[in-house]
Amino acid sequence: MAMAFATASASASSVSLTAFSLPLPQSLHRPSPSHALHGATSSFPRPRRCGWGAVVRCAKRTGKRRYPSEKKRLNRRQQELLRQAAPEEGRKGRESGYWRLSKLAVPARDDPGKDFTGISLPLLQAIAKAIKFPPLAPSLNVRAKPSFEIGSIIVLTNVGLALRFLLCFLMRLSLSSASHSTHTKGSSWGDIILGYVLKEPQFTYIVDMDVKKILDIEPRAWDFIARLEPKLGAVEYMPEEKLAADLVSMLNVNNKGSNNVLGIRDTHSGMIYHQQKKPRVAVIGSGPSGLFASLVLGELGAEVTLLERGQPVEQRGRDIGALAVRRILQSESNFCFGEGGAGTWSDGKLMTRIGRNTDGVQAVMKTFVHFGAPPNILVDGKPHLGTDKLVPLLRNFRHHLRELGVTIRFNARVDDLIVEDGQVKGIVVSDVEVRPGSASQKLAFDAVVLAVGHSARDTYSMLWQHNVDMSPKSFAVGLRIEHPQELINSIQYSELAAEVQRGRGRIPVADYKIAKSVGERDAANEIGIAEPSRSCYSFCMCPGGQVVPTSTNPSELCINGMSFSRRASKWANSALVVTVSSHDFKPFQSHGPLAGVEFQREFERRAAMMGGGNFVVPAQCVTDFISNRLSVTTLPPSSYRLGVRPSNLHELFPPYITEALQQSIIMIDREMPGFVSSKALLHGVETRTSSPLQISRHGETYESTSLRGLYPIGEGAGYAGGILSAAVDGMYCGFALAKQLSLFHGDIESFLGKAQKQTGFVKY
């Protein structure tokens, strides 16, 4: 099978050739301007002392600046590629597997647009150049007939100002007969990482060539295959390819009634499933981690009760509407609480640092598609759903869980744990819809999966009372900056900006990703100590989006960004945040592991006071913020619907945060001229970028280190930083818990791979 992906600054696209015959014709080396290639991404400027692949794969430094450990790791990888690709007994070593070609770039001006699904000559030219095919006779024809098929996901990393596309197609080139190609194409736009800007936007592809299918169609291609040699990051050999399926397909019992859940696959993994008295499991929270834990446990035979303090998405949407129109905040049903978690009313980003091409991530992505997500998320470089796509997906997810026998209770807040002899025996639940003071309900369970979000501060306090082992964790705080989307389009795309038409044009709306290390001024500098630094970066960039209130308490004010699938708003917003750690929480150390929570609350209360109440947001022009002045002129328009109030945001944060924000904005403007503009508006305050603490757990079992029977997972527990990573964490926890409950015997890593280490501190 073949597949292709393209990405723009932070990932690369890959295309897979399943069939291939003889060298490309000479005509393919001279593409016509009327033809365009498939989507792709931008790339780093070429490093001076090392191969492209080193930059793409793992290197943070290049050439002589590499760490010795990086050099050793890259050398080992190169030797492994050479060993895998080396012929053994003649043809044997290369008759199967895949060759991956990277850095196949085509100028963006030649591309027909993000909705184009054909195969262009410039793309074929790039492939021919990469594999060094000799030209064919001019009389030979190559034709392509498109059809449709989704391949697997390959996403690598590169940097620059460019289009970001993913392409997936199966292509056959033949001499005289009509050939065919299968492909899909999605798109998103590239990033700017400071210091790397390409002269011209371009698409960059990764092509996977299926050796066996090539040789089946054209045996004469063997001579070419035999001559291919690996080059790290440019030409790489992979012995085989694993294609993860969605969880429902992997876990469903087959039609013959066998309890062998994985069908053919499990004959290799050795999985055995036993029917027995169903253990009772409570899953607290219906965010991504809670939903996927419930799905796995429900499919494997546990009696699962999913408890959500908020409302289902239909009612939750009405409650959010009441907040936006009438300023009525429902404490249990808002932008943070309710079905789907905080990510439901956001941009719906499906990006992660735990490995986009891992089997676990692919399984989650394909499960989203199974429940109604558009298939293009499997091939987009920077996939996102948008709230309008997440709502029906969650509804379908809910219906499937109920068909499995999972009990779902909304408006059910867990107030306490029932603990006996150091083990959780049950929970205390109250119905948030009934009058205050009504009796709570005690429920017994064999295990409790804690999948709350990072705003469940009352749950953190309850855990502290039970002496659950947890500790403060680094996160980031700052301001949300908003520009007219047209301005960002102009900065990013130059003359191509005219083709951006609010999500419907040839070119997608522009986004950006920025990160800077900023020096901190303190007393240490006066005595000659090296100046410390903080990371300042963009977070949750929402092109074509809006700024929204994410408060869970009327006396506190915090904000976030969201967008719909088309990203058609006339504004672009992103948080600019500065890292903070336990050192910064010292004034709140009396709160123990909750010091980070109190740190957040301090600035949320200040923001509420500066705004004057009623969820009005304090705001300041970027130019005034840089100059440390409060202008009396009218603020530029804002997408925030509850109103903004001119404020001096220097009074919001301590100097080390304010100065870091100022310095980083100035540096960003040097790389993105026009970023500092009188049309740009800063909003305060963004504090809930990730969980302010981490609940300790065992790496293999996911069980709390201090309280048996409790399984903390997801973003609220400090082990994820977005929709995808939270879902993956919940999925792996579901399998680990099922194994402990004797519902499942086998090795989850055999078909989903090893779980990646997650810190919960994610920049995206």
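Visitor: Where does UniProt place the feature "domain: FAD-binding"?
Guide: This is a predicted model. The UniProt record, an unreviewed entry, puts that feature at residues 280-317.

Visitor: Which helix lies across strand 9, strand 10 and strand 15?
Guide: That is helix 8, residues 288-299. Helix 8 runs at about 165 degrees to strand 10.

Visitor: What is the strand order in the open sheet of five strands?
Guide: The order is 11-10-9-15-27, and the pairing is parallel. Strand 11 (407-410) and strand 27 (710-712) stand at the edges; each has a single partner strand, so one side of each lacks a neighbour in the sheet. On average, and ignoring direction, neighbouring strands of this sheet are turned by 15 degrees against each other.

Visitor: How many bridges hold strand 15 and strand 27 together?
Guide: Strand 15, residues 447-450, pairs with strand 27 over three bridges in the parallel sense. Val448 is opposite Leu710 of strand 27.

Visitor: Which strands does helix 11 touch?
Guide: Helix 11 (residues 387-404) packs on the sheet and touches strand 10 and strand 11. Its direction makes about 130 degrees with that of strand 11.

Visitor: Changing topic: is strand 23 buried or exposed?
Guide: Five of the five residues of strand 23 (residues 617-621) are buried, so this strand is largely enclosed by the rest of the structure. Val617, Ala619 and Cys621 point one way, while Pro618 and Gln620 point the other way.

Visitor: Which way does strand 24 run relative to strand 23, parallel or antiparallel?
Guide: The two run parallel, and three bridges join strand 23 to strand 24 (residues 644-646). Val617 has Val644 as its bridge partner there. Strand 25 (residues 681-686) is also joined to strand 23 by three bridges, but these two run antiparallel. In strand 25, Leu682 is the bridge partner of Gln620.

Visitor: One last thing: at what angle do helix 10 and helix 17 cross?
Guide: The axes of helix 10 (residues 359-370) and helix 17 (residues 723-740) cross at roughly 105 degrees and come within 9 Å. The two helices are therefore roughly perpendicular.

Visitor: Which residues make that contact?
Guide: Helix 10 contributes residues including Val361, Met365 and Phe368, and helix 17 contributes residues including Leu724, Val728 and Tyr732. The residues of the contact comprise eleven nonpolar, one polar and no charged.

Key
Residues numbered from 1 in each chain as written. Predicted model: local features only at pLDDT ≥ 70, side-chain atom pairs only at ≥ 80, totals over all residues. Heavy atoms only, no water. UniProt positions renumbered as here; feature names shortened; annotations may be inferred. Axes fitted to C-alpha atoms, helices over the stretch in contact; angles between N-to-C directions. Helix = DSSP H or I, 4+ residues; strand = E, 2+ residues; numbered from the N terminus. Parallel < 35°, antiparallel > 145°, perpendicular 65-115°, else oblique. Contact = heavy atoms within 4.5 Å. Nonpolar A, V, L, I, M, F, W, Y, C, P; charged D, E, K, R; others polar. Buried < 20%, exposed > 50% of the residue type's maximum accessible area, 1.4 Å probe, protein only. Pairing = 2+ DSSP bridges.
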